[in-house]
Amino acid sequence: MKKSQPDAHISGKLKQLSTPWVIASERAYRVSKMNINPGFILDLACGSGIQLAAYSSRLNTPCIGIELNPERAKISENTLKEILRKDLFTKSKIITGDCLQKSDIHLDESILFSLIHLDPARPTDIQSHTISEMQPPPIEALNIWKDVLIKKGGGIILDLSPRLSQEQCNDLKLELSNILPDYKQTWEWSSQGRGRVDRLSVWLGSVATKNMKSRYVRNHPKNIEKSTIIESDNFPWENEKVALINTSVNLNDLISIVDPALIASGLEDAWIKSQNIEGKWIRKEGRRPLYVHSKTIIKNDKNQGLIFESGIVRGIIEHDINNGVEPLIELGKKLELMRLTLRLKITPELQPILQSKLDRNLVDIGGSGFVIKLPNNTLAICTKN
């Protein structure tokens, strides 16, 4: 790489649509650890070229990108020039054209590919998506280009919208199985934090994880080699839906606020299994899913970023937070707490006022804790463990 900011030349709407360099690099790093065949990398709708360049640079192999929009094709070419070594750039190229018109692309028939990537365009101004909105249509595009891979079972990565429903994901899984019957599938949900799933993708063939149908990736904010990865041998839509009927919480219970993006991926029970802990979910919806458990969850590389807050329930009170924090101040003083952080839904205007009042009126020296709202509308005061 020639610059510390490889995507500095990309701006405007294309910048918003482009995969951030750190995410593109993290993906490429994981692909480099997989057993894929040698050969070129092909991106059927390369856009800014960031993801394509990340693959090529990390795998040390030349690449070819196809882009329908001439202006974006030029930017993509500049991306390769900025990021790739001269020898890789010389062997690589960006082609302006429609990937659905394969005969017009005029690729050298001697070139074979180890990996195909496709990130179809989709509307940006709606809250839900369907497969039919994606351009180019993923099934049609992959069916046209699958034969350029070195052999059946070569690597394919298909980016999708995280706004697809599980029903739509299952329908697409079946369609992919029809056109690519020899390809294993691993569905991936990933998050950079902020409580939401940022990306959904399907990894097929040589880039699928053996015997694993789905995974959740919590990207590490600084180190691409330390992402937290949770895997499951089930698809999320195959998991049994269990109603949360027992919502009781008692004093001295251990309780954790869990990453809501993990819940959105449907792999929360796979994570619990990987931690070897017993407990119960008392809330899965919203920004602060709650899990009550039998022993302390030790923060390590397997759960980095998945636990937002964890502590011991020291007090439970019936109180509407909108009526003030006086009962919390009283209980916080009894527990000798100098800091209580409000971890519950409060209007943006009221939250800083209440938090400031708590900060001013607790003891000067003591421990710290947090306040959560339980499903029965009571408040729990927890001390960090």
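Q: What is the handedness of the crossing where helix 2 passes helix 3?
A: The crossing is right-handed. This holds for a predicted model. The residues in contact on helix 2 are Trp 21, Ala 24, Ser 25, Arg 27, Ala 28, Tyr 29, Val 31 and Ser 32. On helix 3 they are Ile 50, Gln 51, Ala 54, Tyr 55, Arg 58 and Leu 59.

Q: What classes of residue make up the contact of helix 2 with helix 3?
A: Nine are nonpolar, three are polar and two are charged.

Q: What makes helix 10 roughly parallel to helix 11?
A: Helix 10 (residues 326-334) and helix 11 (residues 351-361) pack at about 30°. The cut-off for roughly parallel is under 35 degrees. The angle falls below that cut-off, so helix 10 counts as roughly parallel to helix 11. The axes lie 10 Å apart. The crossing of helix 10 and helix 11 is right-handed.

Q: Which residues of helix 10 and helix 11 meet?
A: Helix 10 brings Glu 326, Leu 328, Ile 329 and Lys 333. Helix 11 brings Lys 357, Leu 358 and Asn 361. By class, that contact has three nonpolar, one polar and three charged residues.

Q: How do you know that the buried residues of helix 11 line one face?
A: The buried residues are Leu 354, Gln 355 and Leu 358. Viewed down the helix axis, they fall within an arc of 100°, so they line one face of helix 11. In general, an α-helix has 3.6 residues a turn, so residues three or four places apart point the same way.

Q: What does the buried side of helix 11 pack against, and what does the face turned away from that side carry?
A: The buried residues of helix 11 pack against helix 10 and strand 14 (337-342). The face turned away carries the exposed residues Ile 353 and Arg 360.

Q: What puts the buried residues of helix 6 on the same side?
A: Helix 6 (residues 138-145) buries Pro 138, Ile 139, Ala 141, Leu 142 and Trp 145. They cover an arc of only 165° around the axis, which puts them on the same side of helix 6.

Q: Which elements do the buried residues of helix 6 pack against?
A: They pack against strand 1 (40-43), strand 2 (63-67), strand 4 (113-118), strand 5 (155-160) and helix 7 (166-179).

Q: Why does Lys 210 count as exposed?
A: Its relative accessibility is 72%. Exposed means over 50%. The value is over the cut-off, so Lys 210 counts as exposed. Lys 210 lies in the loop between strand 7 (199-204) and strand 8 (214-218).

Q: How far apart are Lys 210 and Ser 274?
A: In sequence, they are 64 residues apart. In space, they are 17 Å apart, C-alpha to C-alpha.

Q: What percentage of the chain is buried?
A: Buried residues make up 51% of the 385 residues. A residue needs under 20% relative accessible area to count as buried.

Q: How many helices and strands does the chain have?
A: The chain has eleven helices and 16 strands. Its C-alpha trace spans about 75 × 40 × 35 Å along the principal axes. Among contacts between residues at least 6 apart in sequence, 71% join residues at least 24 apart.

Notes:
Residues numbered from 1 in each chain as written. Predicted model: local features only at pLDDT ≥ 70, side-chain atom pairs only at ≥ 80, totals over all residues. Heavy atoms only, no water. Left-handed = near helix turned anticlockwise from the far one by under 90°. Helix = DSSP H or I, 4+ residues; strand = E, 2+ residues; numbered from the N terminus. Contact = heavy atoms within 4.5 Å. Nonpolar A, V, L, I, M, F, W, Y, C, P; charged D, E, K, R; others polar. Buried < 20%, exposed > 50% of the residue type's maximum accessible area, 1.4 Å probe, protein only. Arc of directions from axis to C-beta. Axes fitted to C-alpha atoms, helices over the stretch in contact; angles between N-to-C directions. Parallel < 35°, antiparallel > 145°, perpendicular 65-115°, else oblique.
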